[in-house]
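Please examine the sequence and the model shown below before reading on.

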Amino acid sequence: MMKKYEQAHQEHIFNPIYDEESRILILGTFPSVKSREKQFYYGHPQNRFWKVLEKLYDSEPLVTIEEKKKFLLQHRIAIWDVIASCDITGSSDSSIKNVVPTDLNVILEKTKIERIYANGTTAAKLFQKYQKPIVNREIITLPSTSPANASYSLERLLECWKKCKNVL
């Protein structure tokens with residue numbers, strides 16, 4: 001049975017992953033309910049974010065948060081979200097209201113980010129609205145790895161996401 005959620009104000013509860021060697025930044029919208037429970041990015045078991053990266057980089061499955069952080073930094077990938085806080089119903093991006101954006105300069109001023117990618121069109125639209133006027137950087141939209149984006153098979157996602165690997 002699906003759990004029913006009410007619209008509620010939520011704060012982003014975990015930090016971005018990056019170091020001074022990071023070259024690409026991948027932005028999501030806001031952590032899902034499962035990600036908030038696990039206190040780490042892309043925590044829903046059906047989200048294909050980690051599977052896509054594992055396949056792109058010929059990696060063994062990444063299980064722990066520490067393995068995932070190490071993998072990201074090893075491949076010079078930074079991840080964060082566009083939203084610091086918002087009103088949201090469950091994990092529904094379409095329900096997002098009252099957005100407070102993250103301060104991307106926290107990452108951009110300490111790294112050599114060459115490209116910024118959006119994990120899905122909602123993240124891209126929110127970046128355009130809230131961050132682009134401040135950071136004056138372009139974003140490349142990739143199809144969402146969310147289970148809600150069922151029209152994309154894993155193979156089709158890999159085909160689109162492989163452009164990330166070419167930066168490095």
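## Terms and model

A residue is called buried when its relative accessible area is under 20%. The structure is a predicted model.

## Aromatic pairs

A search of the whole structure finds eight aromatic pairs. In one of them, the ring centres of phenylalanine 40 and tryptophan 50 are 6.0 Å apart and the planes lie at 15°, so this pair is stacked; stacking requires planes under 30 degrees apart. Phenylalanine 40 belongs to the loop between α1 (33–38) and α2 (49–56), whereas tryptophan 50 belongs to helix α2, so the pair ties together parts that are ten residues apart in sequence. Phenylalanine 40 has 5% relative accessibility and therefore counts as buried. Tryptophan 50, at 5% relative accessibility, counts as buried too.

Tyrosine 57 and phenylalanine 71 form an edge-to-face pair, because their ring centres are 5.7 Å apart and their planes stand at 80°; the edge-to-face class begins over 60 degrees. Tyrosine 57 is located in the loop between α2 and α3 (65–74) and phenylalanine 71 in helix α3, so this pair ties together parts that are 14 residues apart in sequence. With a relative accessible area of 13%, tyrosine 57 is buried. Phenylalanine 71 is buried as well, with a relative accessible area of 4%.

## Aromatic cluster

Which residues form one aromatic cluster? The members are Phe14, Phe40, Tyr41, Tyr42, Phe49, Trp50 and Trp161. The stacked pair of phenylalanine 40 and tryptophan 50 thus has both its residues in this cluster.

## Charged side chains

Two arginines are considered here. The charged end of arginine 156 sits over the ring of tyrosine 152, at 3.7 Å from the ring centre.

Arginine 48 is found in the loop between α1 and α2.

Backbone oxygens do lie within reach of arginine 48. The side chain of arginine 48 reaches the backbone oxygen of asparagine 149 at 3.0 Å, and a polar atom of that side chain lies 3.2 Å from the backbone oxygen of serine 146. Leaving aside residues up to four places away in sequence, arginine 48 touches Ser144, Thr145, Ser146, Asn149, Tyr152, Ser153, Leu154 and Leu157.

Notes: Residues numbered from 1 in each chain as written. Predicted model: local features only at pLDDT ≥ 70, side-chain atom pairs only at ≥ 80, totals over all residues. Heavy atoms only, no water. Phe/Tyr/Trp six-rings, centres within 6.5 Å; stacked < 30°, edge-to-face > 60°. Helix = DSSP H or I, 4+ residues; strand = E, 2+ residues; numbered from the N terminus. Buried < 20%, exposed > 50% of the residue type's maximum accessible area, 1.4 Å probe, protein only. Lys NZ or Arg CZ within 6 Å of the ring centre and 35° of its normal. Polar contact = N/O pair within 3.5 Å; in protein donor to acceptor, adjacent residues only side chain to side chain. Contact = heavy atoms within 4.5 Å.
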